[in-house]
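This briefing concerns the structure shown below. The points are grouped by topic for reference alongside the coordinates.

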Amino acid sequence: MRASEPKTARPASRTPRVLVVEDEQALSMLLAYNLEAEGYDVERVERGDEAELRLLEAPPDLVILDWMLPGVSGLEICRRLRQRDETRDLPVIMLTARGEETERVRGLSVGADDYVVKPFSTPELMARVRALLRRARPERIASVLSEGDLTLDRETRRVRRAGRDIHLGPTEFRLLEYLMEKPGRVFSRAQLLDAVWGLSAEIDERTIDVHVGRLRKALSRGRERDPIRTVRGAGYSFDETFAKPQ
Ligand code: CA
């Protein structure tokens with residue numbers, strides 16, 4: 001269906017598509033779940049030869065590519081991607097169980113943009129996906145999120161409100177970033193937990209309340225408006241009316 005679409009002139013607002021090539025089903029599903037929670041369209045294939053076909057038919061915006069695959073190896077797929085004009089610049093994150101420095105060099109030498117050793121932390125991989133997509137298509141994922149007098153810069157990790165710097169811990173930063181990406185959307189505590197700490201984290205959902213409390217305290221001074229809305233029985237959202245004058 002997508003094969004007939006022109007490869008250029010994609011609308012800037014289109015949801016980035018990620019192809020996950022991984023033969024371990026549990027891992028593949030975990031990746032898809034997390035990528036979808038980040039708002040990407042995800043397609044999964046298990047075999048190397050299948051991946052080659054999909055990459056020819058409809059190149060995604062990013063590939064997460066396992067090294068050891070049935071059919072054609074990830075290494076070989078990556079090498080071939082780099083030889084074709086249409087996929088030369090396609091961002092590739094290589095997954096592997098090998099951690100040897102020489103293997104890492106080999107992975108990077110065939111043109112992988114990034115290289116992640118299993119077992120890896122899901123939030124870290126998600127951060128790498130975001131970084132690569134941002135680098136590849138800077139117009140699609142803004143590096144600065146801005147709502148009203150509040151700005152969050154993902155590159156410099158700085159948050160400012162009404163001209164002053166807001167100092168946030170890494171968890172509060174990620175929480176704010178996630179909420180600001182979709183103003184108005186209500187996220188349950190479980191969703192925030194997955195997004196900020198990762199699925200494997202063993203953290204009580206009440207911990208979220210503590211971090212949201214800290215975030216609120218850091219963001220608002222005096223009578224300033226609270227940008228975060230508590231939705232009783234549901235979770236939290238970034239108040240979509242925050243940017244509008246009261
Ligand atoms: Ca494998």
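**Backbone, metal site and confidence**

Arg 157 is placed in the loop between β7 (150-153) and β8 (158-161). The model is a predicted one, with a mean pLDDT of 85 for the protein.

**Backbone geometry**

- Arg 157 has a phi near 60°, which is a positive value in a residue other than glycine.
- With a relative accessibility of 48%, Arg 157 counts as partly exposed, because partly exposed covers the range between the 20% limit for buried and the 50% limit for exposed.
- Ala 162 is not a glycine, yet its phi is positive, at about 45°.
- Ala 162 is located in the loop between β8 and β9 (164-166).
- The peptide bond joining Lys 118 and Pro 119 is cis, with omega at about -5°.
- Pro 119 belongs to the loop between β5 (114-117) and α5 (122-136).

**Calcium site**

- The calcium ion has as its protein donors Asp 23 (OD), Asp 66 (OD) and Met 68 (O), which lie 2.1 to 2.3 Å from the ion.
- Along the chain, these donors follow the spacing D-x42-D-x1-M.
- Asp 23 lies in the loop between β1 (17-21) and α1 (25-37), while Asp 66 lies in strand β3 (residues 62-66); the pair therefore ties together parts that are 43 residues apart in sequence.
- Asp 23 is partly exposed, its relative accessible area being 33%.
- Asp 66 is buried, with a relative accessible area of 3%, a value that falls under the 20% limit.

**A buried loop residue**

- Thr 87 is found in the loop between α3 (74-83) and β4 (92-96).
- Although placed in a loop, Thr 87 is buried, and its relative accessible area is 1%.
- Leaving aside residues up to four places away in sequence, Thr 87 touches Leu 55, Pro 59, Leu 81 and Arg 82.

**Confidence of the prediction**

- A pLDDT of 70 or more is reached by 86% of the residues of the protein.
- Over residues 1-13, pLDDT stays under 50.
- For residues 1-13, the model has 13 contacts beyond four places in sequence.

How values were computed
Residues are numbered from 1 along each chain as its sequence is written. This is a predicted model: local features need pLDDT of at least 70, side-chain atom pairs count only at pLDDT 80 or more; totals for chains, interfaces and linings use all residues. Side-chain values use heavy atoms; hydrogens and water are left out. pLDDT is the predictor's confidence in each residue, from 0 to 100. Contact means heavy atoms within 4.5 Å. Donors are N, O and S atoms within 2.8 Å of the metal (3.2 Å for Na, K and Ca); water is not among the atoms, so sites may look incomplete. Helices (H or I, at least four residues) and strands (E, at least two) are DSSP runs, numbered from the N terminus. Buried means under 20% relative accessible area, exposed over 50%, partly exposed in between (1.4 Å probe, protein chains only).
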